[in-house]
Amino acid sequence: MSVPMSAQLFLFVISLSSRAGFARYIEEDDASDNILSLLNLDQKREAESFIFRRPLRCLDMLASEGKFTFVASRPQQACAAFIIAEPSEVINLELSDVNIDCAAGDFIKMFDGWVLKGEKFPSSQDHPLLPHQRFTDYCSSTAPGLASRSSQNVAMVFFRISSPDSGFTLTVKKLHNPFPCNIMSQSPEGSFTMLLTHQHRNCSFSVIYPVEFQLTELSLGEAKSNELKPQVRHMRRVWSGCSGSGDYVELLGGNGVDTSKMLPVADFCFSHSTLAQMKIGCDNSVVRLVSSGNYINRVSFQYRILERSELPKTSENTLDDFCTVE
């Protein structure tokens with residue numbers, strides 16, 4: 001039986017967390033129990049009018065709309081729920097029936113993006129809000145309920161509850177996003193187009209698998225000189241590549257989620273309609289579009305998961321070092 005995609009994402013979250021000591025936020029016994037529970041969940045909705053409901057776990061992954069209620073059976077010092085939607089959706093979160101003691105140190109905080117092992121997705125360089133503006137804190141609000149809307153297809157909720165039988169209900173709704181930017185893919189294969197129209201911002205498409213990217217179309221407003229051909233970076237070489245052009249696409253690889261801390265593999269800074277492809281053997285593989293705001297920039301690509309036999313060797317792509325997948 002195949003493992004649901006939400007469960008695969010959850011296992012990725014757990015693997016990243018455990019490698020970086022995320023246990024200081026999430027208790028390990030909860031994590032193991034919740035993985036088994038999540039694998040057995042059927043979150044399909046039978047009708048449009050049906051509101052999916054289930055308990056919320058201390059460590060959880062939500063890929064469906066619905067109402068999720070957490071009731072503490074014992075003090076829970078560090079919990080987190082990761083929410084993910086389709087690439088063309090954003091997430092609306094709403095709290096209700098909240099029964100916590102803020103004065104005793106309880107809290108519920110909603111975050112615009114994901115945080116894993118101290119890294120944020122989207123990175124601070126790519127998100128339109130400052131880091132502190134991305135948090136919505138229930139205990140700092142005077143409203144009886146609280147709502148938050150994400151800027152991309154992922155969001156999360158941190159919470160701490162000290163008293164048994166205390167808790168809250170989280171309502172998850174997904175809304176259409178006509179201009180998706182900074183996407184965490186749920187699928188290990190597919191295709192996508194990122195478009196920036198005269199916007200001075202950066203957009204990333206993150207795939208949490210080792211994959212092969214195939215760039216099928218790249219339009220950067222005006223053709224750049226052919227001297228600026230796609231480049232493969234050397235990890236330790238001080239080299240600006242395409243970054244000086246202001247409008248470019250880069251391929252990144254790494255084992256975290258913050259694109260500013262990932263390994264730049266290749267740059268593309270001229271328009272082309274021929275196929276360009278590269279394999280990235282990392283836990284996280286990214287296509288990142290950087291735009292100066294002066295042009296209409298567009299990149300289309302396909303991606304597929306690599307078989308273990310296809311994982312790049314150290315000598316490939318002239319890199320001294322590369323991600324390894326254990």
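A salt bridge is a side-chain nitrogen of Lys or Arg within 4 Å of a carboxyl oxygen of Asp or Glu. With that in mind, let's walk through the structure above, which is a predicted model. By this rule, the model holds 7 salt bridges.

Follow the shared partners and you will find one network of salt bridges that joins Glu212, Lys279, Arg304 and Glu310.

Now look at another link in which Arg304 takes part. Arg304 also forms a salt bridge with Glu212, with 3.2 Å between the closest N and O atoms. Arg304 belongs to strand 22 (residues 296-305) and Glu212 to strand 16 (residues 211-220), so this pair ties together parts that are 92 residues apart in sequence.

Next, turn to Glu250 and Arg288. Their side chains meet in a salt bridge, at 2.6 Å from N to O. Glu250 sits in strand 18 (residues 248-254) and Arg288 in strand 21 (residues 284-290), so the pair ties together parts 38 residues apart in sequence. Here, both Glu250 and Arg288 are buried.

How values were computed:
Residues numbered from 1 in each chain as written. Predicted model: local features only at pLDDT ≥ 70, side-chain atom pairs only at ≥ 80, totals over all residues. Heavy atoms only, no water. Helix = DSSP H or I, 4+ residues; strand = E, 2+ residues; numbered from the N terminus. Buried < 20%, exposed > 50% of the residue type's maximum accessible area, 1.4 Å probe, protein only.
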